Amino acid sequence: MSNYELGKTEPKLSTWKRLADFFNVSLEYLQGSQPFKNSGDSLTKENYYTTDQDWQTQSKSWFWKFEQCEAEALAELKGDWASQQDETPLLVGNYLHSYFESQPAHEKFIDDHAEDICKYGKPEKGLKKQYLDADKMIKALDHDPTFKQIYQGDKEVIVTGTLFGVKWRGKIDCLDLEHHMFYDLKTVDDFHKKHWLPDQRTPVSFAEARGYDMQMAVYKELIKQTFGVDCTPLIIAVSKQRVPDKALLSIPDYLMDQSMEKIEADQPHIQAVKEGREKPRACGHCDYCRANKVLNDVVDIDAIPFY
Ligand SMILES: [Zn+2]
């Protein structure tokens, strides 16, 4: 917490940001370094999650998908393949996020997703169990004095920038420019569980297994490029256990450095695949690869690859 408490204040920039928000122009435009007002293809809350944006800019979630299997990611980006993953954990996470964004955002989320989150799809029947559990997770944070004290910055702030020649975008759960901090809410089954990465003999935490170190490294850089402020990330994790656990998690610099090196190394090929200059690599064992498998290889039983 010392970073937060000792953080130098930067009221000027947050004032700039509020003015930019007020006039609905970009910060660069307001400060005079950009000649034109935001044009139609700029990023907004409304178009943030569109396929158009997924093609035009890189995001951590898509980069991560391409890292797992380029063939599956490209097919999904083209709309030729739908991810077979259970959407419930994502919805639970978004349910919780909307609560801490604002009351109207939470009400809108419940309205928009009534079919998925209510029993039998009917609001009068009440929420499904997962979302009642999510309410317990919300309570666990909402009643915590430290959480209440720190989670005070601007919510759902869109940031953009260029990483190694490619345009990226990100959305910050809670950005506190004045105290040089930003926060990301994460929901997790149990954050003490071991996770195994391919080719690694020692287990890693859920945060590394899901690439949250990469996400925080990217966000830190995008905040710097958007607002000119160097901020420190903190993950606020809350668990889905019967009695929810919670934690404030910092990300060591070496992990963020490694993540940036990985992006620098892997991005050229991923970008070439997106632009159709290179063929996507198939991992050979994801849902997509299994769905498209044809039996034309014979493998010795002592040479079956482990994943
Ligand atoms: Zn695959």
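**Exercise 1.** Determine which residues of H13 meet which residues of H14, and how the contact divides into nonpolar, polar and charged residues.

*Solution.* Helices are DSSP runs of H or I with at least four residues, and strands are E runs of at least two, numbered from the N terminus. Two residues are in contact if their C-beta atoms, placed from the backbone, lie within 7 Å. On the H13 side stand Asp213, Met214, Met216, Ala217 and Lys220; on the H14 side, Leu255, Met256, Ser259, Met260 and Lys262. The contact comprises 6 nonpolar, 1 polar and 3 charged residues (Ala, Val, Leu, Ile, Met, Phe, Trp, Tyr, Cys and Pro count as nonpolar, Asp, Glu, Lys and Arg as charged, the others, Gly among them, as polar).

The model is predicted: local features need pLDDT of at least 70 and side-chain atom pairs 80 or more, whereas totals for chains, interfaces and linings use all residues. Residues are numbered from 1 along each chain as its sequence is written.

**Exercise 2.** Check the span of helix H13 (residues 212-227).

*Solution.* The expected span is 1.5 Å times one less than the number of residues. For the 16 residues of H13 this gives 22 Å, and the end C-alpha atoms are 22 Å apart, which agrees. Glycine 228, with a positive phi near 70°, follows H13.

**Exercise 3.** How many residues of H13 are buried?

*Solution.* A residue is buried if 20 or more other C-beta atoms, placed from the backbone, lie within 10 Å of its own. By this criterion, 13 of the 16 residues of H13 are buried.

Key
Buried ≥ 20, exposed ≤ 12 C-beta atoms within 10 Å, placed from the backbone.
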